[in-house]
Amino acid sequence: MKPLCKVASVITLGLVVIPCLLLFLGMIGLDAVKLLALIGTIGWFAVTPIWMGREMPVDAKEVEI
């Protein structure tokens, strides 16, 4: 599951970066960039925490301030 999520994460990151570069080069319009960047951002925040999750070494209840 994690390798599949990593691939999906790279694809969604590409949906954010590549359209911006294509807009800079004048190959696509601003509306297309906005739509693709929105889809990529939602995908990135949905998929990336699945494989990048980390374990907390100390429980917050055990830490005294």
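In which helix is the place of leucine 13? Leucine 13 lies in helix 1.

**View 1. Overall fold of the predicted model.** The protein has two helices and zero strands (DSSP runs numbered from the N terminus, helices being H or I of at least four residues and strands E of at least two). Of its 65 residues, 17% count as buried (under 20% relative accessible area; exposed is over 50% and partly exposed in between, with a 1.4 Å probe and protein chains only). The protein exposes about 5500 Å², of which carbon and sulfur atoms supply 74% (Shrake-Rupley method, 1.4 Å probe; for residues, only the protein chains shown count as cover).

**View 2. Surroundings of leucine 15.** Leucine 15 is found in helix 1, which covers residues 2–24. Leucine 15 is partly exposed, because its relative accessible area is 25%. Leaving aside residues up to four places away in sequence, leucine 15 touches Leu36, Ala37, Ile39 and Gly40 (contact means heavy atoms within 4.5 Å).

**View 3. Leucine 13 and a nonpolar surface patch.** Leucine 13 is partly exposed, with a relative accessible area of 42%. Together with Val17, Ile18 and Leu21, Leu13 forms a nonpolar patch with about 350 Å² of accessible area.

**Notes.** Residues are numbered from 1 along each chain as its sequence is written, and side-chain values use heavy atoms, leaving out hydrogens and water. In this predicted model, local features need pLDDT of at least 70 and side-chain atom pairs count only at pLDDT 80 or more, whereas totals for chains, interfaces and linings use all residues.

Methods:
Patch = residues over 30% accessible without salt bridge, like charges linked within 9 Å, V, L, I, M, F, W, Y side chains within 5 Å. Salt bridge = Lys/Arg side-chain N within 4 Å of Asp/Glu carboxyl O.
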